[in-house]
Amino acid sequence: MAEADRDDLISIIEEDDKTTEIPTNLPLLPVRDVVIFSDMLLPLFVGREKSVRSVEDAVNGNGFVFLATQKDPTVENPSQDDIYRTGTVGRVLRMLKLPDGRVKVLVQGLTKGNIAKFVRKRSPYRVQIDLLPEEPVEKVTLEVEALMRNVREQSEKILALRGEINPDIISILQNVDDPGKLADLVASNLRLKIEDAQSLLEILEPVARLKRINDLLSRELELSAMQAKIQSEVKDEISKSQRDYYLREQVRAIYRELGEHDERSTEIDEYQRKIKKARMSTDANEEALKQLKRLEQMHPDSAESNVIRSYLDWLVEMPWSKWSADVIDIRKARQILDREHYGLASIKDRILEYLSVRKLNPRMKGPILCFVGPPGVGKTSLGQAIARAVKRKFVRISLGGIRDEAEIRGHRRTYIGALPGRILQGLKQCGTSNPVFMMDEIDKLGADFRGDPSSALLEALDPEQNFAFSDHYLNLPFDLSRVMFILTANLTDTIPSALLDRMEVISLSGYTEEEKVEIARRHLIPRQIRESGLKAKQIAISEKALRQIIAEYTSEAGVRNLDREIGNICRKIARRIAEGQLQPAGITQQSLAKYLGPAKFIPEMDQEVSQMGLATGLAWTQAGGEVLYVEASLIKGKGDLIITGQLGEVMQESARAAVTFARGYIKQTRIKQSGLDTQDVHIHVPAGAIPKDGPSAGIAMATALVSILSGNAVRNDVAMTGEVTLRGRVLPIGGLKEKALGAVRAGIKAVIIPRKNVKDLVEIPQNLKRRLKFIPVKTMEEVLENALEPPKKERPRTRGKSVRR
């Protein structure tokens, strides 16, 4: 092995021509990592045993050795094909054996040669060479002189960029007048690639070699300039960072000497104080101190330090150990609930039961209540009243339209602008860990490719899991077991069953007319007077006028539209007073149209008279209970069933069951009829543009069919709800209270209900029972007995005009 010590690389110029003294049969010394040029003097470390023997052969002989470069420096035992044919004849000037077995030799390049043949074909090789004498330059032309000057200048620039320039080197470059020797001198010091250096060695014409070295110098100069620029920039950046560090340390030392603190130290101390004051859980405290240590070691202006600051701010501001003290006074809580909300006895009882248990067992887990009811019945305001009753903070978020799971669980801190989920944001906002937390519109959650928010809520709303709720941003368990969650929804059909199973569902059916009057007197009218800038003595609404507003200007289960109509009246009176008419305004039935215009709803029944084939059913919707008219008619045909009115699959099945029952009923009662085989049955449920579905319209369809077949009119003051079977049994339904309220609003006097729903009458208010007659039935025969009028000689054939607007 022969390697060049490049740090000791020295080139010398010999003027004497020694080619005539060189033998042509020489030992071969393969070298790697370097190409040796003529007049080049350098030390070589020889480690391979066969290479050491070649050196010993040269020393024992005349001192000459042929130096050729390996094509691949990694090959330990090069073959003939692994060695370049063109090399340099060298003379061993000195040899030193090292303790590790290697040999250090000092060799001098004399002249170029080319391997003619291998005399000894096994290593250590011995070769027959052909000497390659330098072609003389007869005359140094102006072009050659300019080329030599350019080579000298570029060499000096490269050495200056590397920091290796010195007067001796400059003197040597200036004193070389031969183009070939100048090219070899520069090439030996240029750190060229092996391939480039070997190609340069093989060029025998001096001027051509000088041009080639000039091209290589130009490229090397560009590389050296770029390298120097990069090193300078890195050095400047490091110097700036070190300078900034030293300056900050000096500033800190100055502040310490003055007994003051710099901003950086103040920030760290402030975070330490806040972490201690927050009284976090053990895991949270360890994580906070860990992140604070990272922040202290970072540059204050780095992007990562801003992320850590935001994270620490959230940690120290979360209410880990802060909660509202429960001052539980059951009687006072009852008074607050009664003052804030009229009616809703069952819900108030449930809240008072919770407070009673909480008083006896302070460690009980918070309930998950879900208020289900139509819009405007006071679900959200009831949650606020509960918070005031239990003296806790109140937090409300709306879940309607949320489709991203991160809205509940938060974003990972790696994202730009990451934040915790809506739950932890609400807790931070209120500053306590046990607020009344209301989530509105739980039935309107969405889901898409970003995840399912309802699934993320399972952990938060499960009392067995939420003591260690994990948010993606904090990535630490947070205790939600003290939170009193209250959810609201218009219906439960769209709530996932797993989520619904974790809730205690409390239904808010709606208000009767008497309850709406009291709510208006106690809450709506005073609030609208206050918001309109009026005084109580400037406006008076009579009870009859109030009832007329409820009956003729609103048709709803709640009181939202009633509140709007009262607001309309107050605004008109405020305008009149602002115009200078200061006399008090009294709102009566006669003057009501002046403020609100003509009536929007007529409370009397849409059926002015009883008619054949027209029955009144009852339906439950998101807005409460409503009447549902079912029309039946016979037309000439083939016995087909025609169903219109955008009925759902369940109602279509009810219609088919009603037709089958009607066919059997006709045969049993021997009603005279021309035969259903030659007539088509058409069942229609207005309004046709509104989709309808549900299992409670069966007996209304069957009654309308029997009415048209028998010729008996259906009583216009009787509504009915229930499902029918093929054998005429009446099956139970749901939402009886809502449907009863809808019947009262429509002016119905009696309601036919399934006998199995008698148990639900306990939920009906007494004032509603006084206005409605409930008729429980078990079979369709009982339904027809109470719904159909006895036959008359003359029955009105004209339907009443609809007065609904």
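Contact here denotes heavy atoms within 4.5 Å. Helices (H or I, at least four residues) and strands (E, at least two) are DSSP runs, numbered from the N terminus. The structure is a predicted model, in which local features need pLDDT of at least 70 and side-chain atom pairs count only at pLDDT 80 or more, while totals for chains, interfaces and linings use all residues. Residues are numbered from 1 along each chain as its sequence is written, and side-chain values use heavy atoms, with hydrogens and water left out.

In the pairing of helix 10 with helix 12, Ala333, Ile336, Leu337 and Glu340 of helix 10 meet Ala385, Ile386, Arg388 and Ala389 of helix 12. By class, this contact has six nonpolar, no polar and two charged residues, where Ala, Val, Leu, Ile, Met, Phe, Trp, Tyr, Cys and Pro count as nonpolar, Asp, Glu, Lys and Arg as charged, and the others, Gly among them, as polar. The axes of helix 10 and helix 12 (residues 379-390) come within 9 Å and cross at roughly 155 degrees; helix 10 is therefore roughly antiparallel to helix 12. Axes are lines fitted to C-alpha atoms, for helices over the stretch in contact, and angles run from 0 to 180 degrees between N-to-C directions. Angles under 35 degrees count as roughly parallel, over 145 as roughly antiparallel, 65 to 115 as roughly perpendicular and the rest as oblique. The crossing of helix 10 and helix 12 is right-handed; a crossing is so called if the near helix is turned clockwise from the far one by less than a right angle, and left-handed if anticlockwise.

Arg334 also lies in helix 10 (residues 330-340). With a relative accessible area of 30%, Arg334 is partly exposed (buried means under 20%, exposed over 50%, partly exposed in between; 1.4 Å probe, protein chains only). Not counting residues up to four places away in sequence, Arg334 touches Lys348, Asp349 and Leu352. The C-alpha atoms of Arg334 and Asp349 are separated by 8.8 Å, the two residues being 15 apart along the chain.

The axes of helix 8 (residues 282-297) and helix 9 (residues 303-317) cross at roughly 150 degrees and come within 10 Å, which means that helix 8 is roughly antiparallel to helix 9. This crossing of helix 8 and helix 9 is left-handed.

Helix 18 (residues 543-552) packs against helix 19 (residues 560-578) at an angle of about 130 degrees, with their axes 10 Å apart. Helix 18 is therefore oblique to helix 19.
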